[in-house]
Amino acid sequence: MTKIEFNSMVLRQASSLRSYALHFTHDADDANDLVQDTMLKAITYYNKFKEGTNLKGWLYTIMKNTFINNYRRFVKMSTFVTKSEEISSANLVFSSTKNQGESKFVMDDIRRALDRLPEDYYVPFTMYFEGHKYHEIADHLTIPIGTVKTRIHVARKLLKKNLKAYDNGVKKAVYAEEED
C-alpha cells in the first residue's frame with residue numbers, strides 16, 4: 001500500500017473519529033483538535049501500520065493514547081498553576097509557610113524519640129550525629145568499631161519506628177546500613 005492510499009483511507013475515517021473524540025472530550029473544538037492530532041500521528045507513523053490490521057481500531061488506539069497523554073500533561077500543568085483567584089483549603093498547605101509551633105512539636109517528638117533510646121544506642125548515635133568518626137566513637141567508648149556501627153544502625157531503626165508519624169509515604173534512598 002502506498003502512502004497516498006493509506007492517507008486517503010485515514011481521511012475516510014474522519015467522521016467516525018470525530019464521534020469517538022466527542023466521547024472523550026465532550027467539546028466539539030477539543031474533539032476536532034484530537035481528531036487532527038490522531039490523523040497527523042497516523043499519517044506520520046504510517047510505516048508502523050501493518051497491512052491487514054484493522055485501520056479503525058489502530059486509529060482509535062492512537063486517539064485514546066493521545067487523549068490520555070494530553071490529559072496527563074494537562075493535570076500535571078494544573079497542579080503547578082492555580083487558575084482561580086482564590087486558593088482552595090486543600091492548596092493552602094502549599095502556599096503557607098510553616099509556623100514555629102509546628103517545628104516545635106516536631107523537635108519535641110524527635111527529643112522524646114532520642115530519650116527513649118537505650119543508653120548503649122543513644123551515646124554512639126548522638127556522637128555520630130555530632131560528626132564523630134566510627135573509630136573515634138569506638139575509642140571513646142572502648143568497644144569494637146563493628147559494635148559502634150551496629151548500635152548506630154539499631155538506633156536509626158528505633159528512631160524511624162518511633163517517628164513513623166512523620167513518614168509521608170515518600171520513597172527515600174535505601175543505603176546498605178539502613179536496609180530492613
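Before the first pair of helices, a definition: the axis of a helix here is a line fitted to its C-alpha atoms over the stretch in contact, and the angle runs from 0 to 180 degrees between N-to-C directions. Please keep in mind that this is a predicted model.

I will start with helix α7, residues 119-129, and helix α8, residues 134-141. Their axes lie 10 Å apart, and the packing angle is about 140°. That makes α7 oblique to α8, since only angles over 145 degrees count as roughly antiparallel. The crossing of α7 past α8 is right-handed.

Which residues of α7 and α8 meet? From α7 we have Val123, Pro124, Met127 and Tyr128, and from α8 we have Tyr134, Ile137, His140 and Leu141. Sorted by class, this contact holds seven nonpolar residues, one polar residue and no charged ones.

Now the other pair. Helix α1 covers residues 3-12 and helix α3 covers residues 28-44. They pack at an angle of about 160°, again with a distance of 10 Å between the axes. An angle over 145 degrees counts as roughly antiparallel, and α1 and α3 are therefore roughly antiparallel to each other. Here too the crossing is right-handed, with α1 passing α3. On the α1 side the contact is made by Lys3, Phe6, Asn7, Val10 and Leu11; on the α3 side, by Met39, Ala42 and Ile43. By class that gives six nonpolar residues, one polar and one charged.

Next, a residue of α3, Leu40. Is Leu40 buried or exposed? Its relative accessible area is 56%, and the cut-off for exposed is over 50%, so Leu40 is exposed. Between Leu40 and Val10 there are 9.7 Å in space, C-alpha to C-alpha, although they are 30 residues apart in sequence.

Val10 leads on to the cores. The largest nonpolar core has 17 residues, and Val10 is among those with the most contacts inside it, along with Leu55, Trp58, Leu59 and Met63. Helices α1, α2 (14-25), α3 and α4 (55-80) each give two or more residues to this core.

What does Met63 touch, leaving aside its neighbours within four places in sequence? The list is Leu17, Tyr20, Ala21, Phe24, Leu34, Val35 and Thr38.

There is also a second, separate core, with 14 residues, including Ala113, Ile137, Ile143 and Val148.

Key: Residues are numbered from 1 along each chain as its sequence is written. This is a predicted model: local features need pLDDT of at least 70, side-chain atom pairs count only at pLDDT 80 or more; totals for chains, interfaces and linings use all residues. Side-chain values use heavy atoms; hydrogens and water are left out. Helices (H or I, at least four residues) and strands (E, at least two) are DSSP runs, numbered from the N terminus. Angles under 35 degrees count as roughly parallel, over 145 as roughly antiparallel, 65 to 115 as roughly perpendicular and the rest as oblique. A crossing is left-handed if the near helix is turned anticlockwise from the far one by less than a right angle, and right-handed if clockwise. Contact means heavy atoms within 4.5 Å. Ala, Val, Leu, Ile, Met, Phe, Trp, Tyr, Cys and Pro count as nonpolar, Asp, Glu, Lys and Arg as charged, and the others, Gly among them, as polar. A nonpolar core is a set of buried Ala, Val, Leu, Ile, Met, Phe, Trp, Tyr and Cys residues joined through side-chain atoms within 4.5 Å. Buried means under 20% relative accessible area, exposed over 50%, partly exposed in between (1.4 Å probe, protein chains only).
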